[in-house]
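Subject: Structure handover

Hello,

Here is the structure for your files. My notes on it follow below.

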Amino acid sequence: MKQTDITVIVTAHNEGLLALRSLRSAKRSRVFAERGGRQVETLIVLDSGSDATRALLQAYPDLYDRIVDINCCDAALARNEGVKQATGKYVAFLDADDLFSENWLLAAYDLAEKSRSQGKTPVLHPALNYEFGVDPVKFGFYFDPDQEGKMIAPRMLKENLWSALSFTAREVLLNIPIPACPRGSGFGFEDWSWNCETLAHGFEPKLVPMTVHFIRRKKQSRNIEQLADRAIVGPTSLFDDASLFENLPLREKTRLGNYFRQALSYWLQGFYYLFYRPLAVLGLYRGREYIPHSRWVEVPNWVLDEMAQVSAIEPELLPKSDKKPYALVLDPLPVTFASAYGRLLRIWEGGTFKNVILVGKAEQNVKAIVSRLEGPVLLVIDGCSNGSDASIFPAFVKTIYLGDVPGLLSEDVSSVLVRLLIQKHPAN
């Protein structure tokens, strides 16, 4: 097939009528890009499609070029199949219930070409994701460009900064496919994992100015299922590089100060959910939700203008009150977690361990346990060394005293250890 400039890959499943709104949004952005001289194709990947979704697609063939019909029930595998079938130099993803701003495809293409002329291959994201749908308290997420650089990896250790609706070169996705996360595996959030891998391979994340995606919040979604399953991000090479988590601007916290900040955060969240949230559900409160490590700003006028135009396609975007909506700016999370992880990762790099044991304190009976094991053993002790003599253990045992790691808070111990175990995957 002849190569085009952009392939829009729309992944569909059981969206039914909502898919029509997404396809009209994609068509609107496509027409805008084609007026700017770009060639665009729209490819639908119908994964285990419902009868209603299939019938809708058959009724509107003018909104897309091709349909790839698969049956794998996995968003990552569906997107990967779409990439294989795409003819575009660049790929833009869209879920069949979300929407683009009109300028997204053209603005992203132009920025990608500019970056590649400078020797860089970026992974592009919108300046703003605006969420709407079942939750009466609407809010958007800003991703501030000045958070890029060294602080990205520490933040990615604890939060995903970008959705799956990215724009990048097709070759990037062929070389780094989106990892599948089957339900029941314990792993999830394939977009988070893929963002980590592209970062690790040097592909620069960039925001496309003056662009927005409209993300539909639903009562049931893959993301909600993964949260309910307590899924976590699988192993990624980004979290194997200890240098990314060193020399961070760590502000040492006292135990008392940490307890105070934590208590204040819990009190504010409790106050919101006990008093304001019920009023919001009843439609009596249109205020702003309390979310730690964030701040609210007014939505810019250019977003309001785009919302007004897109509301002709998606009526739910129309404001339900005269109040100007607000967007949420996510501030960087405290880096104590990441700093502690980097220190432990450096310690672990000293050897390859067949067994890892976590104990409350180094008692004599632990010596009896490790003496029966074969191969290198990492003994993780949840406490301070306080002058303890590690020589009481066999030579093949290496000890880590968590209480001696600066910045490691008690509530982060389990998260840090789980991530280390996932990354290093010892035999036992």
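S371 has a relative accessibility of 45% and therefore counts as partly exposed (between buried, under 20% relative accessible area, and exposed, over 50%, with a 1.4 Å probe and protein chains only). This serine is in helix α12, residues 364-371 (helices are DSSP runs of H or I, at least four residues, numbered from the N terminus). S371 lies 6.7 Å from P394, C-alpha to C-alpha, although 23 residues separate them in sequence.

This is a predicted model, in which local features need pLDDT of at least 70 and side-chain atom pairs count only at pLDDT 80 or more, while totals for chains, interfaces and linings use all residues. Residues are numbered from 1 along each chain as its sequence is written, and side-chain values use heavy atoms, with hydrogens and water left out.

The largest nonpolar core has 52 residues (a core is a set of buried Ala, Val, Leu, Ile, Met, Phe, Trp, Tyr and Cys residues joined through side-chain atoms within 4.5 Å). V8, F93, W104, L105, L124 and F167 touch the most other members. Helix α4 (residues 104-117) gives the largest share of this core, 7 residues. A second, separate core has 37 residues, among them M151, I152, M156 and V413.

F167 touches residues including I6, Y90, W104, L105 and L124, leaving aside those up to four places away in sequence (contact means heavy atoms within 4.5 Å).

Helices α11 (residues 336-348) and α13 (residues 413-424) have axes 10 Å apart. The residues of their contact comprise 8 nonpolar, 2 polar and 2 charged (Ala, Val, Leu, Ile, Met, Phe, Trp, Tyr, Cys and Pro are nonpolar, Asp, Glu, Lys and Arg charged, and the others, Gly among them, polar).

Regards

Terms used. Axes fitted to C-alpha atoms, helices over the stretch in contact; angles between N-to-C directions. Helix = DSSP H or I, 4+ residues; strand = E, 2+ residues; numbered from the N terminus.
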